[in-house]
Amino acid sequence: MPQSLPFRIMIWLGVALLLVWSLGPIYWTLASSITPTSDFSARPIHFFPQNFTLDHFERLLGINVDRIGGVEVWKQFRSALLNSVISALASTVFCVAIAALGGYAFTRLKFPGRRPLFIAVVATLAIPGYAVLIPLYRLMIGLHMVDTFVGITLIYISAFLPLALWLLRSVFESLPLALEEAAQLDGAGRLYILFRIVLPLAAPGLTAAAILTFLGAWGQYMVPLIFSPTNTKPLTVLIPEFATKNFIDYGLITAAGSIAIVVPALVVIFLNRYLVSGLLAGSVK
Amino acid sequence: MTAVTAITIEKKRGAASNGDAVLGLILVAPIVLTMAALVFFPLVDTVWDSLHRINPMQPGTPFVGVANYTNMLSDADLGRSWINTFIYVAIAVFAETVFGILAAALINQVRVGRQWILAAVVLPWALPGVVNAVIWMWIYQPGAGLLNGILTVLGLPFDNHVWFNDRASAIVAVSVVHIWRMMPLTIVIVLAAMQSIPDHLYEAARIDGAGRLKMFTAITLPLISPAIAIAMTNGTVAAFNFFDEAWVLTGASLDTRPVLIQIYLETFQNLHFSYGMALSLVVTVVSLLVSLIYVLRVYRSTRFE
């Protein structure tokens with residue numbers, strides 16, 4: 001349908017408004033993170049930084065070592081950043097690998113209990129995490145796994161497996177069976193077919209499952225608040241701690257926020273196609 | 001490690017007749033083990049323990065029947081947090097649905113650069129809830145925040161206005177943060193449904209002389225209504241599970257406390273483990289009832305052979 005000029009102007013005004021709503025708060029955090037603390041309370045407000053500083057990032061990353069209230073912020077921050085990366089990556093790798101193997105079995109292999117097992121696993125999508133949190137806590141204490149990477153990774157895997165499995169099975173189902181049958185006639189074994197034919201073809205689906213798992217694990221708060229309180233503390237648990245003191249250091253908060261934004265932002269910018277397809281498979285089906 | 005355990009389990013069970021069945025069981029064993037140990041066992045444990053008194057500060061775990069459940073009825077703080085949660089659900093689902101459909105309709109009209117607009121719109125959803133909370137905490141900041149800064153530039157008397165001082169504005173402020181994070185999901189779902197509507201329907205309507213508004217109400221809305229239902233259910237469940245933003249922005253404040261924070265406080269601060277478990281079961285059941293439509297959809301499309 002042809003679009004008249006006034007109509008197009010209206011659309012672009014609407015889009016501009018939508019972009020300001022979506023990106024404005026993120027812009028403000030990034031802009032504040034390079035603004036000197038002394039400029040923060042300037043009135044009338046400056047929408048663009050008037051002076052540039054890397055002071056907040058230096059304090060956060062320990063470039064010019066500075067101490068706040070006797071606590072070395074940068075040591076905490078560096079280890080929290082590392083902890084976030086480790087736990088999110090480990091959960092993603094294991095979760096997608098386990099879901100891919102199982103998803104293939106649920107799609108192509110006949111074994112006793114296949115249907116009830118699949119339904120039981122996928123049905124847990126409807127159960128919120130906190131319904132199992134307290135027994136998990138006692139279990140993890142019993143196993144001495146509170147505040148360990150193994151413990152937190154196991155919990156993330158169990159939390160994100162159902163969605164990854166659901167997504168990957170629908171991907172496997174959409175692959176042409178003829179290809180696998182031809183390989184089978186040529187004498188290829190099941191595992192050869194899985195690793196050499198099915199998984200390469202399912203790469204977009206694997207990417208989507210990996211993105212959803214990674215973002216999910218990267219953004220978790222309540223779970224690491226309970227299960228990763230000190231040694232394996234991730235960014236999401238550390239950042240609010242900057243805000244619970246009597247004096248709230250917004251320079252540190254916005255700088256730390258900016259760093260926590262970078263990783264999801266890269267994923268969205270470069271992998272948005274897979275992310276959107278994964279979101280749709282996870283929610284619409 | 002899990003693979004090895006899986007194989008030994010398999011050998012004990014032994015008698016699988018064909019190779020596919022054995023391989024199938026081996027491949028799903030990691031899933032079954034993980035889910036059994038970390039989801040199904042804890043879930044059964046939650047139900048069982050919610051009928052006992054479990055408190056690390058008190059000896060023994062006596063059976064107390066449904067006392068944990070009946071105690072909820074006289075728990076005033078819990079009542080207030082339920083009310084807060086229902087307010088969050090109402091505000092969030094309404095705003096996400098109305099503005100989400102509007103935004104999706106807008107993006108659907110864009111011809112160039114649509115994927116970049118979509119990427120920008122999805123970004124808030126991809127960020128950790130905690131980061132969203134601190135982004136907005138800085139915006140709401142009374143003395144130096146962006147919101148008061150803008151309002152003051154517009155000539156309004158909002159210099160040093162504190163948004164979390166009264167209940168109504170605090171709840172709205174916290175809801176906005178949640179809506180900012182969850183609306184992208186509605187937009188993605190609704191936009192996908194809009195894009196699946198065949199062009200010839202609009203062509204036919206145009207030949208019949210229908211205007212844009214008429215097309216939207218007569219063609220678009222009816223055809224995207226299943227997607228709207230799904231988006232609303234997702235939004236409802238997300239609002240029931242609301243924790244991160246409320247906890248970071250307002251902590252334990254009773255004015256804004258949703259039920260999930262109530263569970264967290266009862267369990268990990270008051271150490272009323274079994275009361276917390278009973279509470280989390282009730283919240284689960286309520287959110288399950290509300291999301292029943294969603295679950296039914298999942299089952300319906302889960303067909304084998």
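Predicted model: local features only at pLDDT ≥ 70, side-chain atom pairs only at ≥ 80, totals over all residues.
The contact between the chains draws 82 residues from chain A and 82 residues from chain B. On the side of chain A that touches chain B, helix α12 (residues 250-284) of chain A gives the most, with 18 residues. By class, the residues on this side of chain A comprise 62 nonpolar, 14 polar and six charged.

In chain B, the loop between α10 (212-240) and α11 (244-250) holds B:N241. Because 19 C-beta neighbours lie inside 10 Å, B:N241 counts as partly exposed, the threshold for a buried residue being 20 or more. When its neighbours within four places in sequence are left aside, B:N241 is in contact with A:P128 and with B:L260. Between B:N241 and B:V283 there are 8.8 Å in space, C-alpha to C-alpha, although the two are 42 residues apart in sequence.

Two helices of chain B, α6 (residues 129-140) and α8 (residues 167-195), have axes that come within 10 Å and cross at roughly 135°. This angle makes α6(B) oblique to α8(B), and the crossing in which α6(B) passes α8(B) is right-handed. The residues that make the contact are set out by helix below.

| Helix | Residues in the contact |
|---|---|
| α6(B) | B:G129, B:N132, B:A133, B:W136, B:Y140 |
| α8(B) | B:A173, B:V177, B:W180, B:R181 |

Sorted by class, the contact of α6(B) with α8(B) has six nonpolar residues, two polar residues and one charged residue.

Definitions and conventions
Residues numbered from 1 in each chain as written. Chains lettered and ligands numbered in written order. Contact = placed C-beta atoms within 7 Å. Helix = DSSP H or I, 4+ residues; strand = E, 2+ residues; numbered from the N terminus. Nonpolar A, V, L, I, M, F, W, Y, C, P; charged D, E, K, R; others polar. Buried ≥ 20, exposed ≤ 12 C-beta atoms within 10 Å, placed from the backbone. Axes fitted to C-alpha atoms, helices over the stretch in contact; angles between N-to-C directions. Parallel < 35°, antiparallel > 145°, perpendicular 65-115°, else oblique. Left-handed = near helix turned anticlockwise from the far one by under 90°.
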